[in-house]
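Please walk through the contacts in the structure shown here, taking the interfaces between chains before the packing inside a chain.

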Amino acid sequence: MLGFPILTLLTFIPVLGMIVVLLLPNDRAKEIKYTSLLATGLQVVLAIVLMMNYNFNAGGVYDESSFQFIEKFRWIEIPGISWLGTVKIDYFLGVDGLSTPMVLLTAIISFIATLSSWNISNSVKGYFALFLLLDTGMMGVFVALDFFLFYVFWELMLLPMYFLIGIWGGPRKEYAAIKFFIYTLFGSVFMLLVMIGLYFSAQETLVDGSKVFTFNLLALMDQSNYTADGILSPFNPNNIRFIAYIALFAGFAIKIPMFPFHTWLPDAHVEAPTPISVILAGVLLKMGTYGILRISYPIFPEITRDLMWYIALFGMINIIYGALCAMAQKDFKKLIAYSSVSHMGYVLLGMASLSTTGINGAILQMFNHGTITAMLFLIVGVIYDRSHTRGLDDFGGLATQMPVYTGFVTIAFFAAIGLPGLSGWVSEALVFVGAFGVDIIRVLTMISALGILLGAAYMLWTLQRIFLGKLNEKWNQLADLDKREYAMLVPLAVIIIFLGIYPSAMLDIMNTSVNSLVDFLSNGSANFTLSGL
Amino acid sequence: MIEVGLTHFLIVSSALFSFGIYGIITRKNAVMVLMGIELILNAANINFVAFSRYLNLGLSGQVAALFVIILAAAEAAIALAIVLNIYKTFDHVNVDEIEKLKE
Amino acid sequence: MQEITFLQLSITVLFLPLLSFLIVILYGKKFPKLYLLETGSIILGFALSVLLMIFKISQQLNNTLSFNMTWIDFGNVPMLGHLKIELGIMLDNVTVLMLFVVYLISMLVHIFSLEYMRGDRLYNRYFAYLGLFTFSMLGIVLTDNLLMMYIFWELVGLSSYLLIGFWYEKKSASDAGKKAFIVNRVGDIGFFLGILIIFSAYNTFSFAKVFEQIGMGVLPFDSGAWLTAAGILIFMGAVGKSAQFPLHVWLPDAMEGPTPVSALIHAATMVAAGVYLVTRVFVMLTADAMLIIAVVGAFTSFVAATIALTQNDIKKVLAYSTVSQLGYMIMSLGVGAYAFAFFHLVTHAFFKACLFLGSGSVIHAMHHEQDIRNMGGLRKKLPITYLTFLISTLAISGVPLTSGFLSKDGILAGTLAFGSLTGHWLIPAFGFIVALMTAFYMFRLVIVTFHGVPKNKEKFDHAHESPFVMVMPLVVLSALSLFIWYTPLPHAPDAGWFISDWVKTPQTVVPENLRFDFMKSSAPGEINGEVVHSASYTEALHHAHYPAMALSLIVAGLGILLAFLMYQWKKIDPDLVAGKVKPLYDFSLNKWYIDEFYDAAVIKFTLKFSGFLAWFDNTIIDGIVNVSAVITRLASKIVDLFDIYIVDGFVNFSAFISGFIGLSFRRMQTGKVQTYLVFVVFSILILLIIINPF
């Protein structure tokens with residue numbers, strides 16, 4: 001353990017940066033940018049420190065003692081309001097194998113997105129202030145272990161995102177921003193309801209022996225904490241856990257985004273400025289799947305087991321449907337957006353398997369998709385900055401004009417296609433290995449394998465339309481990558497190749513936790529057998 | 001020969017009361033209205049005394065009647081004073097036309 | 001040599017080309033001479049692989065060396081116990097022979113390319129890609145498990161994509177690269193699902209461990225059908241990579257790549273990877289799986305041969321002949337002639353590489369003319385090319401004294417034996433018909449290209465023999481197409497070392513009830529003190545040997561004679577023949593319309609469907625979202641109106657009513673005491689009447 005509260009620092013350093021940014025005068029754009037870069041850079045350093053001090057053998061998931069870097073103290077305490085009893089909410093942070101990869105991902109992607117924000121020119125101050133606030137929100141979601149805190153961070157990231165799309169976005173930014181906002185808020189409402197339902201269904205025993213209602217996620221996973229008559233308590237024969245599960249799942253599914261809740265994504269991506277697309281695809285989508293793994297799975301293990309086929313079904317639909325939709329797009333960015341839908345399907349499929357390989361694959365896919373898609377959006381940004389168009393048919397032959405750029409594109413595209421040796425393949429393969437091993441979802445897995453083919457088809461077609469063929473003379477002025485763009489793309493490419501060759505670097509972090517999660521879902525929660533319906 | 005009973009008194013008093021009401025409603029002269037009120041009061045007095053006499057209520061009725069007489073005297077004095085003032089102000093005592101308070 | 005030295009050597013051999021690829025791709029722009037480094041590393045690698053082969057065969061002939069390491073460790077997995085994924089390499093005779101073949105051809109192609117590709121804008125990058133390909137191919141060869149096989153399988157696909165589309169500015173080239181990758185992916189999905197079945201059942205990817213468990217009677221999901229399915233699905237990978245029907249369509253298009261690439265990848269090595277894969281999993285193939293493999297192979301060789309008859313592009317003819325020969329190998333594996341399949345793989349690699357490089361030499365000389373109708377008479381201008389081309393053609397046609405005679409004859413004997421044992425006579429029939437057609441179209445190619453009179457005088461005049469670095473590989477490869485390297489007796493392949501000592505058919509591990517009858521172990525499994533694949537099969541093979549040889553000689557001679565009659569001596573007018581069987585001719589010329597079928601049925605359909613889904617997404621799903629937004633806004637409008645007119649209206653109305661009532665009763669309030677008194681009196685009277693106390 002470290003001598004300082006590393007998770008708090010990780011989470012709130014961007015806020016410090018934001019305060020500095022707000023104090024700086026409006027016209028000091030350069031200082032503002034460097035402040036943000038410093039804040040996100042510090043975050044990366046802290047994330048690496050965290051990784052270096054990480055204990056690979058601690059399970060976490062449902063067991064507080066094996067969580068790491070825990071910070072826990074009373075945040076809100078209202079003693080004895082009549083029927084409510086004592087309200088107490090903890091400031092409870094901690095990481096395990098499920099969240100550490102996401103913390104790392106958030107730090108890296110935020111840093112790279114800051115670099116990619118260098119071109120922002122109007123109201124720089126506002127942009128970076130919001131951006132840093134967004135960063136805090138995202139990081140907070142991944143380290144919070146108290147449902148209330150989780151929800152606070154979850155909502156915290158919503159508002160900056162709304163403004164970042166709505167102010168710095170493209171031509172239809174208002175539509176996209178409001179669509180994103182309402183869609184996500186819609187999901188949050190469900191989450192809020194379930195959260196309150198859970199609060200009144202479980203009681204935690206405090207040190208002094210008194211029992212209080214709790215938002216503590218780990219306490220909620222322990223079925224002995226549930227009261228006899230709580231509406232979400234497994235002991236209550238008339239409980240509505242099933243409905244709550246569906247509602248909570250829908251809240252997370254919107255974020256993933258899972259078919260049929262995905263339509264905010266293409267619009268948001270197309271209208272958002274490049275760095276925001278990077279954040280959106282790189283981190284935000286992961287919050288949905290992370291939420292399912294962190295909250296839905298261990299709190300409702302029995303329903304998870306009942307519904308695994310349906311989760312896999314939606315995973316399959318995402319994979320195939322997203323790929324086919326991507327194939328029909330004419331806009332580069334929209335194509336990448338749909339490919340995200342398709343790739344997040346693998347995460348769902350892997351999670352649905354409830355097996356070590358599948359869930360490992362799913363989390364790894366979350367990380368890999370974060371880096372790969374971030375790279376793809378940066379790539380779109382590079383070409384859009386230069387040519388101010390994203391039409392796939394407007395280009396052609398850019399490989400001749402921009403060879404280095406094309407090299408990076410090739411790496412990113414083949415990683416997205418799932419070429420062995422690059423990171424995307426490892427996670428996809430693990431997802432398939434896990435899902436295929438479960439007999440009830442085997443057929444769905446087989447159909448999903450078609451996604452590999454469709455992915456190759458639309459990606460290669462895109463590669464051909466933009467980069468191969470005769471150079472379109474209109475673009476013979478385009479310059480190849482500059483230093484800043486190198487700085488954005490090289491780290492991602494290195495991560496993609498490194499994790500393709502040595503995935504254990506990431507898998508070892510999550511593996512122990514995944515094993516205990518799988519164990520919890522299959523054995524440790526055997527008492528969670530009363531179903532809501 | 002018929003015994004004079006309660007009913008006879010009541011008939012007299014209701015006749016008096018009716019005359020009084022009639023006077024109040026139909027006369028426009030304030031003095032006449034006052035006289036109507038006096039008639040009603042006296043009708044009530046007859047009732048008091050009659051009930052007191054016939055229903056074995058002791059002397060309460062008579063006492064009440066005495067009070068009423070005194071009150072009526074006081075009331076008549078004040079009312080006549082008002083009427084006098086009204087006459088001084090309006091040069092008449094027609095109640096229909098005294099509408100100053102309404103405004 | 002120590003075992004560990006073998007492994008170190010093979011790892012060095014594996015990673016050498018990768019290293020040079022990385023250096024060249026990163027620094028190729030700065031140092032234009034880096035291609036020499038790449039070529040040098042391949043030559044070094046070749047030398048090492050020769051060493052490896054010699055030591056392996058001389059010291060460890062019957063041993064299999066393997067080495068593996070943990071790649072991913074899942075620790076103690078609930079319900080499954082300790083689970084890990086291992087990568088590793090394995091050296092047996094087949095491996096070292098393949099290593100040698102791959103390295104040799106790769107080296108020769110590198111040398112050939114030095115001249116052939118001279119002046120290309122991306123000269124260095126070309127060599128880097130060749131290095132990447134060599135690395136991936138070696139990975140396939142060296143692996144000891146299915147997962148690594150799949151990894152390198154895909155990497156080979158990548159390098160093939162890059163090399164086919166090397167001249168990416170040509171639309172046809174980038175199309176062909178894309179097609180190759182995607183068509184291969186179709187097969188790869190099958191391969192991958194096959195691997196998944198295996199892993200789900202045995203929790204390991206390692207060949208040896210999987211076979212061991214199958215040998216102990218453990219079946220995937222406790223059913224023989226799943227084992228068959230696994231075999232067939234893995235075979236699908238071979239269908240893609242080895243260009244078997246119906247996924248053969250990419251190979252002819254792949255000829256858009258530079259010709260040396262076609263020689264290396266699309267003739268000699270990569271396409272043989274499918275065959276290599278099947279040899280690796282041969283022991284776990286059930287009877288049903290083998291039959292399907294045999295049928296696919298036979299049919300492929302037939303389809304490709306019929307198409308090759310009418311093609312006019314020199315590389316297309318060779319491409320289809322490659323498909324046809326690969327079909328032979330696959331068929332051979334399907335009928336159980338394991339050793340001959342591998343043998344044919346090796347001999348075919350040499351003579352087909354020679355043919356392709358020879359065609360490269362011709363194309364180079366003719367300034368990128370590929371249509372054989374514009375050639376002719378090149379014999380005089382390109383004597384060495386002609387000679388080497390001829391030797392290889394003789395080999396592919398199965399003329400005695402060549403390597404092709406030995407291996408083809410073995411395969412045909414295998415099919416005959418299979419036919420006699422199982423009654424599937426159609427397979428040998430296909431085999432012999434294809435042999436006839438092969439001899440015919442190959443000689444047609446030789447005659448039209450090299451004999452006769454020049455059709456294009458101008459190009460002919462400029463043609464000249466290629467320089468040494470291009471001719472040398474041809475000579476080496478054609479020399480390797482002679483029998484002497486494989487056996488001392490030109491008529492008996494199994495008299496030599498290659499078949500009888502180096503490559504032996506392994507014992508199948510599938511349960512008895514899933515085998516062919518002739519492979520049941522009730523038949524004694526030993527001949528001459530050695531365990532063999534199957535005694536009765538070996539017996540039948542011996543019996544089939546001479547009939548097969550006689551028949552194949554006859555059909556080859558017939559094919560060659562027919563070619564001479566039609567094209568050399570012009571006794572038969574080919575156009576007349578073509579006219580007589582016009583529909584068949586067109587059918588063959590248009591490659592059975594398979595591409596058109598795919599275009600219409602698969603590609604168009606997928607695009608239409610994806611277009612529909614995009615529309616669906618945009619209009620229906622997003623439409624629902626937008627409509628719900630509109631409905632919400634409409635509802636809010638309605639509520640607004642309701643608020644204004646109904647709720648507020650109600651308030652106003654009640655005010656109005658009370659006002660109205662007030663107005664209507666106002667008259668009664670005269671302000672006159674008398675009036676009120678009247679009301680009081682009458683009210684009392686009315687009350688009295690109503691209550692009626694009396």
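Between chain B and chain C, eight residues of chain B are in contact with six residues of chain C, where contact means heavy atoms within 4.5 Å. The model is predicted, so local features need pLDDT of at least 70 and side-chain atom pairs count only at pLDDT 80 or more, while totals for chains, interfaces and linings use all residues. Residues are numbered from 1 along each chain as its sequence is written, chains are lettered from A and ligands numbered from 1 in the order in which they are written, and side-chain values use heavy atoms, with hydrogens and water left out.

The size of an interface is often given as the accessible area lost when the parts come together. Chain B and chain C bury about 590 Å² between them, 67% of it on carbon and sulfur atoms; this buried area is the accessible area (1.4 Å probe) that two parts lose on being put together, summed over both. The interface has zero salt bridges, a salt bridge being a side-chain nitrogen of Lys or Arg within 4 Å of a carboxyl oxygen of Asp or Glu. On the side of chain B that touches chain C, the largest share, three residues, comes from helix H1 (residues 6-26) of chain B. Helices (H or I, at least four residues) and strands (E, at least two) are DSSP runs, numbered from the N terminus.

The contact of chain C with chain A takes 55 residues from chain C and 64 residues from chain A. About 4800 Å² is buried there, and carbon and sulfur atoms give 71% of that area. In chain C, the residues that lose the most area to chain A are Trp71(C), Phe74(C) and Arg185(C), together 13% of what that side buries. The rule finds one salt bridge across this interface: the side chains of Asp622(C) and Lys179(A) meet at 2.4 Å, N to O.

Inside chain C, a helix pair can be examined. Two packed helices are described by the angle between their axes and the distance between the axes. Helix H11 (residues 270-280) of chain C and helix H13 (residues 314-334) of chain C pack at an angle of about 0°, with axes 10 Å apart. The axes are lines fitted to C-alpha atoms, for helices over the stretch in contact, and angles run from 0 to 180 degrees between N-to-C directions. H11(C) and H13(C) are therefore roughly parallel, the term for angles under 35 degrees. Residues of H11(C) including Val271(C) and Val275(C) belong to a contact set that meets residues of H13(C), among them Leu326(C) and Ile330(C).

Terms used
Angles under 35 degrees count as roughly parallel, over 145 as roughly antiparallel, 65 to 115 as roughly perpendicular and the rest as oblique.
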